[in-house]
Amino acid sequence: MKQLLAAIVLFATGSCNNNVPDRDDDIKLPSNGIAAPAVLSYSVIAQHPHDTSAYTQGLELHNGNMYEGTGDYVNSSLRITDWKTGNVLEKHMMGTDKIFGEGITIFNNKIYQLTWQSNIVYVYDVNNIQKPAQTFNWPYEGWGITHDSISLIVSDGSDKIYFVDPTNFKVKNVISVLDNKGSVREINELEYIDGFIFANLYTTNTIIKIDPESGHVVGTMTFDNMLKREEVNVNRIDYFNGIAYDPSGKTIFITGKRWPKLFEIRIN
């Protein structure tokens with residue numbers, strides 16, 4: 001799916017004179033030269049329980065367990081869960097009335113947890129989530145975080161994605177996210193999958209697939225109507241958020257803030 005095939009469809013206009021050339025505006029091209037993202041189809045292969053107290057901000061599968069960062073100020077946490085049952089195995093309550101937990105990622109046996117507006121990044125040893133081993137300053141809002149083989153990849157709610165040195169949290173490179181309509185903002189939770197950045201768009205049921213070199217959106221998936229009406233009414237659910245990848249099974253886990261379910265999908 002690295003390459004998109006752009007098709008230009010020419011529509012003939014009716015005319016008494018068959019020699020009249022086609023008008024330029026009959027050729028439909030993206031206004032900024034970027035091809036429209038492909039619509040990616042997927043299959044839901046399983047549903048698993050999810051703790052409805054979890055205001056999900058970050059999600060990552062590691063060594064068979066699901067690590068989850070949650071928000072909502074004093075209720076913010078870092079937790080390890082059994083994704084098959086939804087049971088919380090371990091929890092660290094790290095929020096305060098001023099600290100709002102955000103996205104997480106695990107890189108080189110360290111857990112990096114963003115905070116929303118307090119400019120703090122907590123770093124934990126993967127074997128001890130109860131106390132940060134280190135903190136970094138981050139000058140922007142913290143939203144989502146993932147990593148490739150050498151860098152942390154961070155979003156701040158704008159159209160920017162930052163590539164960050166994991167040793168000091170200094171910015172190495174920045175890309176702007178664009179599709180055929182222009183800048184794409186509200187980039188939220190991130191997951192790096194097979195060379196691409198997958199991202200939730202905040203307040204929507206959409207995940208976009210981003211080329212990390214160009215910043216262009218090359219694919220999109222929409223997850224409307226994943227929950228039943230009675231599940232929405234009972235559980236105070238909030239926005240769709242959370243992406244975790246299982247490279248062994250080539251499946252993706254998705255959920256939302258206070259959602260009662262964790263869905264396992266596979267891109268077709």
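**Ground rules**

I am working from a predicted model, in which local features need pLDDT of at least 70, side-chain atom pairs count only at pLDDT 80 or more, and totals for chains, interfaces and linings use all residues. Residues are numbered from 1 along each chain as its sequence is written, and side-chain values use heavy atoms, with hydrogens and water left out.

I take strands as DSSP runs (E, at least two residues), numbered from the N terminus. I call two strands paired if DSSP finds at least two bridges between them. Buried is under 20% relative accessible area, exposed is over 50%, and partly exposed is in between (1.4 Å probe, protein chains only).

**Entry 1**

I started with strand 4, residues 65-70. Five of its six residues are buried, so I note the strand as mostly covered.

On one side I found strand 3 (residues 56-62), joined to strand 4 by six bridges and running antiparallel. Leu61 stands opposite Met66 in strand 4. The two strands form a hairpin with two residues between them. In that turn, Asn63 has a positive phi of about 50°.

Strand 4 also pairs with strand 5, antiparallel, over five bridges. This hairpin has six residues between the strands. Here I marked Asp72, with a positive phi near 85°.

**Entry 1: Thr70**

Is Thr70 buried or exposed? Thr70 has a relative accessible area of 0%, so I logged it as buried.

Next I listed contacts, meaning heavy atoms within 4.5 Å. Leaving out residues up to four places away in sequence, Thr70 touches Ala54, Tyr55, Gln57, Asn75, Ser76, Ser77, Arg79 and Gly101.

**Entry 2: aromatic pairs**

I searched the whole structure for ring pairs and got 17. Rings of Phe, Tyr and Trp (its six-membered ring) pair if their centres lie within 6.5 Å; planes under 30 degrees apart count as stacked, over 60 as edge-to-face and the rest as tilted.

How far apart are the ring centres of Tyr73 and Phe100? They are 4.9 Å apart with planes at 85°, so I filed the pair as edge-to-face. Tyr73 sits in the loop between strand 4 and strand 5 (77-81), and Phe100 in the loop between strand 6 (88-93) and strand 7 (101-107). The pair links distant parts of the chain, 27 residues apart. Tyr73 is partly exposed at 30% relative accessible area, whereas Phe100 is buried at 10%.

I also looked at Trp138 and Tyr162, an edge-to-face pair at 5.4 Å centre to centre, with 90° between the planes. Trp138 lies in the loop between strand 10 (134-137) and strand 11 (145-147), and Tyr162 in strand 13 (residues 160-164), so the pair ties together parts that are 24 residues apart in sequence. Both residues are buried. Ring pairs link Tyr112, Phe136, Trp138, Tyr140, Tyr162 and Phe169 into a cluster.

**Entry 3: strand 19**

Why do I call strand 19 (residues 206-210) largely enclosed by the rest of the structure? Because five of its five residues are buried. Thr206, Ile208 and Ile210 cover one side, Ile207 and Lys209 the other, and all are buried.

A charge sits over a ring if NZ of Lys or CZ of Arg is within 6 Å of the ring centre and within 35 degrees of the ring normal. Lys209 lies over the face of Phe196, at 4.3 Å from the ring centre.

Strand 18 (residues 196-201) pairs antiparallel with strand 19 over four bridges. Ala199 stands opposite Ile208. Their hairpin has four residues between the strands, and Thr203 in the turn has a positive phi of about 75°.

Strand 20 (residues 217-222) pairs antiparallel with strand 19 over five bridges. Ile207 stands opposite Met221. I found six residues between these strands, with Gly215 at a positive phi near 80°.
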